[in-house]
Amino acid sequence: MKFFIDTANLDQIRDAQDLGVLDGVTTNPSLMAKEGIKGADRILKHYVDICEIVDGDVSAEVIATDYEGIIREGENLASLHPQIVVKVPMIRDGVKAIKYFSKQGIRTNCTLIFSAGQALLAAKAGATYVSPFIGRLDDISTSGVGLIEQIRLIYDNYGYETQILAASIRHTMHLIECAEAGADVATCPLNVITDLLKHPLTDSGLEKFLADYNKTNG
Ligand code: E4P
C-alpha cells in the first residue's frame, strides 16, 4: 500500500519524507489556503517545492470547472514537473478532461468521489487515481470503507488499472480498514501516519528491555 500525505505544509512533508515511508503528496485548494499560499505564481512554485522534497506523485488540483479551462490549467500544471498528477473534480467536464488527459499521457487524480458509479466513470475515462472521500461519507452516516470495498470489487471484475486512493482519512482505523479493503493508496494527515507507530505494549516492553540491560550492564 502506498502512503501519501494530505497537506501543503512543507515541514510536515519533509517530516514524513524523513520517516522513509512516503510515496507521494495530495493537496487541494483548502489545504493550500490553510498554508496561506495564494496567487497563481506562488501556488505553482509551491507545487514545484513539494516535488523537490518527495520522490513520488504530487496531486495538483485545477480550479476551472469548464472543459477548456480544465485542459488549459491541467496542461500547465503537468508541465511544471514530471511528478505532478492533475487533480480533476468528478463533474461532467472533469470526466471529459480526464479522457483527454489520458490520451495525452497526462496522469490524473479524479477527486470528490462519493459513489461507486462515479468511480466507474472515472476509471472508464482513464483516470490514474480515484479519490473516494471516506471521512466525509462517515460524517453523513454512510460507510466510507464500504465504498472502498465496492470500488475494489468493480475494478477487479473488469481489470481497471485506475488506483484507488482512499482520501479524507481521519484516524488509523480508517487507514487499516482501507488497507484490508484493498485500497492502493491512502492519503492522510501526518499524525495518522505517525500514530501507526504507537502501542502501549511497545512502550512498556522497550522500557523493560532497557531497564534489564542497564541492571546487568549499568
Ligand atoms: C484528498 O485528496 C483530499 O485532499 C482530502 O483527503 C480531503 O480530506 P478532508 O475531508 O479531511 O478535507
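Which residues have the most contacts inside the largest nonpolar core? In this predicted model, local features need pLDDT of at least 70 and side-chain atom pairs count only at pLDDT 80 or more, whereas totals for chains, interfaces and linings use all residues. Residues are numbered from 1 along each chain as its sequence is written, and side-chain values use heavy atoms, with hydrogens and water left out.

**View 1. The largest nonpolar core has 61 residues.** Ile13, Phe101, Cys110, Ile148, Tyr155 and Ile169 have the most contacts inside this core (a nonpolar core being a set of buried Ala, Val, Leu, Ile, Met, Phe, Trp, Tyr and Cys residues joined through side-chain atoms within 4.5 Å, where buried means under 20% relative accessible area, exposed over 50% and partly exposed in between, with a 1.4 Å probe and protein chains only). Its largest share, 6 residues, comes from helix α8 (residues 144-158), helices being DSSP runs of H or I with at least four residues and strands runs of E with at least two, numbered from the N terminus.

**View 2. Surroundings of Tyr155.** Beyond its neighbours within four places in sequence, Tyr155 is in contact (heavy atoms within 4.5 Å) with Ala119, Leu120, Ala123, Val130, Tyr160, Thr162 and Ile164.

**View 3. The buried residues of helix α9 (residues 172-181) are His174, Leu175, Cys178 and Ala181.** Seen down the axis of α9, these residues fall within an arc of 130° (taken from the directions from the helix axis to the C-beta atoms), so they line one face of the helix. Just after α9, Gly182 takes a positive phi of about 90°.

**View 4. Phe209 in helix α11 (residues 200-217).** Phe209 is exposed, with a relative accessible area of 62%.
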